[in-house]
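Me: Could you walk me through some of the packing and pairing in this one? I'll ask as I go.

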There are 2 protein chains.
Amino acid sequence: MGDVMKVVIIGGSYAGITAALTLRQKSKAIDIMILEKSSQIGFIPSTVSWILRHPGHSHEDFNWITVEDLVEQDISVRVNEEVISFDDHNVTTDARSYSFDRLIIATGSGQQSRLMTTTNDDRVMTVKGCHQVDKIIELLPQVTKVAVIGAGLVGLELADALADLGKIVHVYDHFSAILSRHFDPDVILPVEEALKKANVSFNLGKYVTEIIKSSANPDQLRLVLEHEDGDALGGQSSKGTQDFDLVVIAVNTRPDNAKWESLVHLNEDQTIWVDEHLRTSLPNVFAIGDAISVNFIPLDYPYYISLVNNAVRTAKVAALNCLSPSTEMVKDVGSARDVKTIMAGYEIASVGLTGAETIFYASDIETATISVTKRVKSSEQLTCRYFYDSVTHVLLGAQLISHDKFDYELAILTEAIATQRTIESLASKTMPYTSDYNYPISLFDLLVQTNKVAIKGQDDHEN
Amino acid sequence: MGDVMKVVIIGGSYAGITAALTLRQKSKAIDIMILEKSSQIGFIPSTVSWILRHPGHSHEDFNWITVEDLVEQDISVRVNEEVISFDDHNVTTDARSYSFDRLIIATGSGQQSRLMTTTNDDRVMTVKGCHQVDKIIELLPQVTKVAVIGAGLVGLELADALADLGKIVHVYDHFSAILSRHFDPDVILPVEEALKKANVSFNLGKYVTEIIKSSANPDQLRLVLEHEDGDALGGQSSKGTQDFDLVVIAVNTRPDNAKWESLVHLNEDQTIWVDEHLRTSLPNVFAIGDAISVNFIPLDYPYYISLVNNAVRTAKVAALNCLSPSTEMVKDVGSARDVKTIMAGYEIASVGLTGAETIFYASDIETATISVTKRVKSSEQLTCRYFYDSVTHVLLGAQLISHDKFDYELAILTEAIATQRTIESLASKTMPYTSDYNYPISLFDLLVQTNKVAIKGQDDHEN
């Protein structure tokens, strides 16, 4: 190790940049370098819908950080330089080799789907990069009908934005419900209905297997679903309802670590194995963000959590541990998988486990759904579905939906799930009073109540 | 005790109504009665400015609850009925007597100031009731210049609203800084400057001792400050700058318990003495809200905290304890004194102790001020002044100011102060990512840093 510690970060992802910024915040005296294989850094897929809502702007107007910003903080950035290999003190790119004291793998994720064949057409887009965003913006004036493949957060935020721009949008997903990773179908139903009213159609429960040129109109694209063939579909959609001017692929992300397989130990789910300090199997090498699985707190089990706040948390832990002797390293506490967005006029949020995931919980669970009025003289309600251990009463999961804001409640519920607090412990919580939000019976008062439903635990199922 | 438990609540205050609603939520099988000496229930002074911002409405459009709403929940309400006396099983009003199993005193607060003499003029208002609000609304079209006495939350919210309505507003307070109970002067300075730009003038550091008719213009009112006399003032303000069309008194509230002095034990500060279960010295009698002092968590010392969320919390504790045997009663945890409002375009919040209160803390304190950018491509910042124990690093106080929203941060900081967590324990906190608020270095990352200032503790002062 030289006089000056040298940290190299593979990947100009949100996680990679956060690690670099955290390292610089903690020490002015270390060398920090980011290696990025593409020409862009810090891109986040959900930015796409945000940019679409601001016509006349390109992705550059919304970059949260630039290479120049990083250089200004004395962080070196090498774009268009792809890492080929590394060991415990050297990393080799397609251009040259660098030595390091610590290496952080922040290579992000790829999109994986059962979509086997696509026509080689520039009207089929992913949302994994700035160039695609600019292309979508460029095409948009000529577009009437859009297919979005993927009814997760990114796909539906995009569908919502496109519908607001007056487009006819069809959403496809192989899951039979929207946002199924984070919400129970009946909780999220108001969002689905609001999107339908805004000209968004849903085609759920079947895989899209192929994207072909439309036989009815060669300027358009057609989606083939599983157990269908393109011609049969053509017959069904004689009105051309299945033909699109633009297809955007926004399927869930998966780890993209195959190229590291011979260098560090991978888990079965293709994430990089890390210990609780986020160290890989190779000395001096850490991994963060979408490259790893983390502890999903309510289940105390490793989960792949492809969310920005998970990237941020793991980046900060790894950055601190890069600078610490192994005896003083901090542990990554894991994630409660908290997400929040605004969709079709609703604020929606989810934290902890969902109804579908209760089958993975060992003990018995109880669940209930409560609604509170937050605003005086308003019929608007905040609705909350939540899950807790039926014996310990530890809160395990919560889903929120309202036209009103609920950041304060979300913060308290997230904190409770992350620190395994009981529903009773929240009963004395009060929020600061403001003139228009002042009904004294809050969400927290209603958590302990009688209209609950029992769900058998995994241990019972196994008996 | 009869078959059906009977709870009587003295005072249709926010606290009293919250106690009644909580009791009803917990049990359908008890008798609940509220006794209110005036004709109105549930009024909150800070509602005034909110109503002023909605022209064409009266206070009735903004009542958060009515007598009818309560009756619908099978809660009896007797308005215009003043309590004269009570013992441990009976309460006597100016109309009749009622027996009870439990009594809750929720009589709220009065306004107390060194303002000795006021002209008997209906253009001098307090903000303690609906009728005053309606009167202010009625007078407003004829009003050009308003004096607001009191630069606390209620007074300044009112000044802000009146300035927005185009009025010229002068604010008076005997403290030399605005909002001095909750904010350090330099933290709140941007709000003071924004209010000045909006035609609000400040006259701080002197008591208003008298309100007289203007000698220059008999249709107007004039304020006399301490060490002044009205004539001398008249000479100074030959341009009539000290003459007003309307004077609103919004001074800080004080306990109003003199009439109970022979019935229950009072503290030196005139609050009703209560134990940790909020029981008074008289069996079966509880007291809540502005009638009592509560534990101010950062100082672990009783404080008078005249805030709605304190009323709500104590009301719920007392309601639960009314229904519990003494062995199962819950303790009131006390208050972190968290407040939040919007003023002159700023969101401002304070929780825990302020700079002025550090002299009451036994040990040494460190303080720092940090600013973070929350929004991409924005120069807007969230600024936070905070205080923590220099040895244990337990967070003691925080003040927030920004043009951006910060409910999530406020919830986390309040929870940390209320549960005495360290600044280090907050470092791993992440917030859910949203497209426009996505800078990864959050407030919580900056709490542990080097630009701190030491403040000697009380123990050191005494050495």
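Me: Which hand does the crossing of H1(A) and H8(A) have?
Reply: In this predicted model, the crossing of H1(A) and H8(A) is right-handed, meaning that the near helix is turned clockwise from the far one by less than a right angle.

Me: And at what angle do they pack, and how far apart are the axes?
Reply: Helix H1 (residues 14-26) and helix H8 (residues 308-322), both of chain A, pack at about 40° with their axes 8 Å apart, the axes being lines fitted to C-alpha atoms over the stretch in contact, with angles from 0 to 180 degrees between N-to-C directions. H1(A) and H8(A) are therefore oblique to each other, as angles under 35 degrees count as roughly parallel, over 145 as roughly antiparallel, 65 to 115 as roughly perpendicular and the rest as oblique.

Me: Which residues make the contact?
Reply: Among them are Tyr14(A), Ala15(A) and Thr18(A) of H1(A) and Val308(A), Ala311(A) and Val312(A) of H8(A), where contact means heavy atoms within 4.5 Å.

Me: Switching to chain B, what is the strand order in the sheet?
Reply: The open sheet has 3 strands in the order S4-S5-S6 (chain B), with antiparallel pairing; two strands pair if DSSP finds at least two bridges between them, and strands are DSSP runs (E, at least two residues), helices being runs of H or I of at least four.

Me: How many bridges join S5 to S6(B)?
Reply: Strand S5 (residues 90-93) of chain B is joined to S6(B) by 3 bridges, and Thr92(B) has Ser97(B) as its bridge partner in S6(B).

Me: What about numbering and confidence?
Reply: Residues are numbered from 1 along each chain as its sequence is written, and chains are lettered from A and ligands numbered from 1 in the order in which they are written. Local features need pLDDT of at least 70 and side-chain atom pairs count only at pLDDT 80 or more, while totals for chains, interfaces and linings use all residues, and side-chain values use heavy atoms, with hydrogens and water left out.
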